[in-house]
Number of protein chains: 2
Amino acid sequence: MSPLHATISNKADSGAASRAADVWHGQSRRVRVQEVGMRDGLQIEQAFVPTAEKIALVDALSAAGLRKIEVTAFVSPKAIPSLRDAEEVFRGITKAPGCTYSALVPNVRGAERAIAAGADELNLVMSVTETHNLANLRMLREQSFAGLRQVIDTVGGAVSVSVSLSCCFGCPMEGDVSPGQVFDWVQRFADLGVVGISLCDTTGMAYPSQVHGMASEARRRWPEIDFTLHFHNTRGMGLANILAGLDAGVRHFDAALGGLGGCPYAPGASGNVCTEEVVHALQLMGYDTGIDLQALLDAAARLPALIGHDMPGQLVKAGPRWKTHPPPADLAEIRQRALEK
Amino acid sequence: MSPLHATISNKADSGAASRAADVWHGQSRRVRVQEVGMRDGLQIEQAFVPTAEKIALVDALSAAGLRKIEVTAFVSPKAIPSLRDAEEVFRGITKAPGCTYSALVPNVRGAERAIAAGADELNLVMSVTETHNLANLRMLREQSFAGLRQVIDTVGGAVSVSVSLSCCFGCPMEGDVSPGQVFDWVQRFADLGVVGISLCDTTGMAYPSQVHGMASEARRRWPEIDFTLHFHNTRGMGLANILAGLDAGVRHFDAALGGLGGCPYAPGASGNVCTEEVVHALQLMGYDTGIDLQALLDAAARLPALIGHDMPGQLVKAGPRWKTHPPPADLAEIRQRALEK
């Protein structure tokens, strides 16, 4: 049981995290919320968001204070038509100092295109389960690993590289995934010198005790690796999973504006955890995200018109908790009638 | 920082809670999820759910293992037309042993009706803020308190009484609410001998650090009171708030099937935390809810047809995490083509 807290103030302490801090009270601890909606979200949309709108969204996100944005994917335009303007988007954005602009690349050709277009970081993806890797990437896992190793060997010196491991918390087709299976792949990429690894809950199967256990053990085994946790809110556990990861010491979390995203192999799934909801919650708890929430809400409010449908995120509709509503117009009369009772 | 956990198993320990337990790992600790959707949810619906359907839902909920169900409200049929069949519903349900069937009552007349109809517990409601109390109940808080005291004095001996304090974590019209303001009302009801008090987040303004602080302090001050926490998922923090409350030692939580509910004074708000999502998450974490999740999902799946619109809860759509999906029909061919590369 955690120590009792006699105050509900969420005023952040000025200074470093207290040793007595629990996960509920951020105490100005820094958390990096990383935007993946422009890639993990837009890739599955039917609508093609015009290039100028994509550029404006990325610029709005960096202006809001995001410090890592996955901008697009350098893949075949036939595979992902909605991201066929990867070069134009990268060339159109205004890079903010201190922000890392990453791109998903599937192979050396994609990596070369991404580097030429100005990507700061390459995101390499494979699944820890054979069935999901075959279904999603049309390759056996060993073939994916060989291809990604080739990317790392070829261009790894020129830009930083991170690896996203899909289905770390369960596979929608194979079911449970053992931590040992995940850690084997972490070790193989660590052996290649990769220092950024995302443990991805591709279809919303992660739950807090599992997250806490796996993240704690991963940090214990590989203290030199910068782990990111990537959750979907498919079953309503997204924020709880982030807090479990925070309590295990992870500080980097993927999220998508408006809760964009989903997975074609998990019907009915809602999207990634919603960037503005995660930032809103963490800021209320006293964590330092460095992000301007209102700017994020303004950007999220533009999405439905661009995508052609409603977003899972609720915060744009409800407003932040500090946005009050006017009382009923006849409140004075209600009060008067009450007083006359 | 919590101790490291080297396993992601969610197998529940057979036995009492370990002293080293953290909130992420339930270790068979008992949690009571209490259903409020039949009252807090249906009261704001335009559709009148037929009496026989209400009875069938309540019976399905108790058969699923719920041990406290707020069945309806004994109020003026003009005030809440959708609950105008309160007597018929209470007389129609099949009471399960060990389940408490409660009813909201606004006054002595309502309490007498509820007791006559067979309610096991009366739920009395007032707001801790004047503006919300006036807007919602058309009375000053002191008038509400006097009326509720009259109910307690008149019928409190015949059945158990619980008090729900609205807006404990913020008022949609007045904004922040101080813990002192909440605790003053808790004290006044404690002085009347009330032992069941719900701290209600009527419009989804609660956040985890606030919940942890207020619940910890409330339990410290009133160890004899049985506190319930009541959250809405308006801003995506429902489950995280429940975990913060659990970490503070609270074991009773309100929730609504399908995420039913809302508040007319907080436009755009989604509903109560969703019963089946809360149960799904807590069970995965190893808590003992005593509830049959599939029975709950079956009941929740009936709601959209009864209410005439979609529900906020995602779990009915996505299915529990252990429900796998078939791989693509051409997986064998994909594998063969991959092997030939």
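Two salt bridges are counted between chain A and chain B; a salt bridge here is a side-chain nitrogen of Lys or Arg within 4 Å of a carboxyl oxygen of Asp or Glu. One of the salt bridges joins the side chains of A:Arg321 and B:Asp176, at 2.8 Å from N to O. This is a predicted model, in which local features need pLDDT of at least 70 and side-chain atom pairs count only at pLDDT 80 or more, while totals for chains, interfaces and linings use all residues. Residues are numbered from 1 along each chain as its sequence is written, chains are lettered from A in the order in which they are written, and side-chain values use heavy atoms, with hydrogens and water left out.

**The interface**

In the contact between the chains, 84 residues of chain A touch 84 residues of chain B, contact meaning heavy atoms within 4.5 Å. The rule for polar contacts finds 18 residue pairs across this interface, both residues at pLDDT 80 or more. A polar contact is a pair of N or O atoms within 3.5 Å; within protein, one must be able to donate a hydrogen and the other to accept it, and residues adjacent in sequence count only if both atoms are side-chain atoms. Several helices of chain A each supply at least two residues to the side that touches chain B, among them H5 (130–137), H9 (238–247) and H10 (275–284). H8(A) gives the most, with nine residues. Helices (H or I, at least four residues) and strands (E, at least two) are DSSP runs, numbered from the N terminus.

The area buried between chain A and chain B is about 6700 Å², and carbon and sulfur atoms give 63% of this area. Buried area is the accessible area (1.4 Å probe) that two parts lose on being put together, summed over both.

Chain A is superposed on chain B by a rotation of 180° with 0.0 Å of shift along the axis, at an RMSD of 0.0 Å. The two copies are thus related as by a two-fold rotation axis. The superposition is by least squares on the C-alpha atoms of residues with pLDDT of at least 70 in both copies. A:Ala240 is the residue of chain A that comes closest to the rotation axis, its C-alpha lying at 2.5 Å. Of the interface residues of chain A, 99% are also interface residues in chain B, so the copies meet through the same surface.

H5(A) is mostly covered, with six of its eight residues buried. Buried means under 20% relative accessible area, exposed over 50%, and partly exposed in between (1.4 Å probe, protein chains only). The buried residues of H5(A) include A:Glu130, A:His132 and A:Leu134. Their cover includes strand E4 (121–127), helix H6 (141–155) and E5 of chain A, together with helix H14 (331–339) of chain B. After H5(A) comes A:Arg138, with a positive phi near 65°.

A:Ser166 lies in strand E5 (residues 160–166) of chain A and is buried at 6% relative accessibility. Beyond neighbours within four places in sequence, the contacts of A:Ser166 include A:His132, A:Cys200 and A:Thr202.

**The loop at A:Ser82**

A:Ser82 sits in the loop between strand E2 (68–73) and helix H3 (86–92) of chain A, and counts as buried at 6% relative accessibility. A:Glu45 is 37 residues away along the chain, yet the C-alpha atoms of A:Ser82 and A:Glu45 are separated by 6.9 Å. The side chain of A:Ser82 also reaches the backbone oxygen of A:Gln43 at 3.5 Å.

**Salt bridges within the chains**

Over all chains, the structure has 26 salt bridges.

| Residue | Partner | Closest N to O |
|---|---|---|
| A:Asp40 | A:Arg39 | 3.7 Å |
| A:Arg113 | A:Glu87 | 2.9 Å |
| B:Lys317 | B:Asp310 | 3.3 Å |

A:Asp40 is buried at 7% relative accessible area, and A:Arg39 at 8%. A:Arg39, A:Asp40 and A:Glu70 are linked in a network of salt bridges. A:Arg113 is buried at 17% and A:Glu87 at 18%. B:Lys317 is partly exposed at 35% relative accessibility, whereas B:Asp310 is exposed at 51%.

**Cysteines**

The whole structure has zero disulfides, a disulfide being a pair of cysteine sulfur atoms within 2.5 Å. A:Cys167 has the sulfur of A:Cys171 as its nearest cysteine sulfur, 4.6 Å away, and A:Cys167 is buried at 0% relative accessibility. In chain B, the sulfur of B:Cys167 is 4.6 Å from that of B:Cys171, too far for a bond.
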